[in-house]
Structure formats: C-alpha cells, structure tokens
Amino acid sequence: MRYKLTFVAGLALGYVLGTRAGRERYEQLKKSARQVAQNPAVRNTVESAGQSGRQFAGKAFASVSEKVGDRVPDSVAGRVRSLREKSQGDEDDWGTSNT
C-alpha cells in the first residue's frame, strides 16, 4: 500500500511539474489531493497504520533490549530511558495521538 501511494504521489508531482496545463489544472489537482487527504477512510487508514507501526516498534524494542541486555553503554541507556519517558505523553512530536 505504501509503495502504491508513493508511486501515485510521484506520478502526480511529475505531472504537475512536467505539464504545461497551467494554473487551472494545478488548482484542480490540489483540490483533489485535499479532498483525498480529508476523506475519513483515508485518515482512519493512516492512523491505523501509524498505530501498527508504533506497536511493531514497541515489540522490536522489547526484543532488542531483551537480547542486548546490560551490554548497552550507560549514555545510550539513559537516552533510551528519556525517550521512553517522553513517549508516555498523549502526543508524539508531530502532534498526533498515540492511541
């Protein structure tokens, strides 16, 4: 899904930059992109993908920290602890919820 979305975005960008259709076509494409971005189904899909990514990252972190154990330098362990404490808030760095 991510690759399809990237391809479509690249295709649209290439079309806008490469065509001589003018400002009207650009505004039409911009309006269509805004409508797609505001679609509740798209927003829900993006949020669920973000949530899945956070869950996967948490599992990967637990697995790696379990295998690495005490072999991590204190400076790295301190940084990880501070990041973990920071991530306990309601929002991430981009202002989206962690739910």
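## Exercises on salt bridges, a pocket and a surface patch

E27 and K30 share helix α2, where three residues, about one turn of the helix, separate them. The structure is a predicted model, so keep that in mind as you work through these exercises.

**Exercise 1.** Find out how E27 and K30 meet, and decide whether each is buried, partly exposed or exposed.

*Solution.* Start with the side chains: those of E27 and K30 meet in a salt bridge, at 4.0 Å from N to O. Next, take the accessibility. Partly exposed covers the range between the buried limit of 20% and the exposed limit of 50%. E27 has a relative accessible area of 30%, so E27 is partly exposed. K30 is partly exposed too, because its value is 33%.

**Exercise 2.** Search the whole structure for salt bridges, and name the partner of R54.

*Solution.* The search gives two salt bridges. In one of them R54 pairs with E47, with 3.3 Å between the closest N and O atoms. R54 is partly exposed at 30% relative accessible area, and E47 is likewise partly exposed at 30%.

**Exercise 3.** Describe the largest pocket and its lining.

*Solution.* First, its volume: about 780 Å³. Then the lining: of 20 residues, L5, T6, A9, V36 and V42 are the closest to the centre. Helices α1, α2 (23-38) and α3 (40-68) each give two or more residues, and α1 gives the most, with eight. Finally, sort by class: 15 nonpolar, three polar and two charged residues.

**Exercise 4.** Locate the nonpolar surface patch that includes L11.

*Solution.* L11 sits in helix α1 (residues 2-18) and is exposed, because its relative accessible area is 53%. Together with F7 and V8, L11 forms the patch, about 330 Å² of accessible area in total.

Methods:
Residues are numbered from 1 along each chain as its sequence is written. This is a predicted model: local features need pLDDT of at least 70, side-chain atom pairs count only at pLDDT 80 or more; totals for chains, interfaces and linings use all residues. Side-chain values use heavy atoms; hydrogens and water are left out. Patches are made of residues with over 30% relative accessible area and no salt bridge: like charges are joined within 9 Å, nonpolar side chains (Val, Leu, Ile, Met, Phe, Trp, Tyr) within 5 Å. Accessible areas come from the Shrake-Rupley method with a 1.4 Å probe; for residues, only the protein chains shown count as cover. Helices (H or I, at least four residues) and strands (E, at least two) are DSSP runs, numbered from the N terminus. Buried means under 20% relative accessible area, exposed over 50%, partly exposed in between (1.4 Å probe, protein chains only). On a 1 Å grid over the protein atoms alone, a cavity is a set of points where a 1.4 Å probe fits but cannot get out, and a pocket is an open set with protein on both sides within 12 Å along at least five of seven lines; lining residues have an atom within 4 Å of a point. Grid points are joined across faces, edges and corners, and a volume is the space filled by probe spheres set on the points. Ala, Val, Leu, Ile, Met, Phe, Trp, Tyr, Cys and Pro count as nonpolar, Asp, Glu, Lys and Arg as charged, and the others, Gly among them, as polar.
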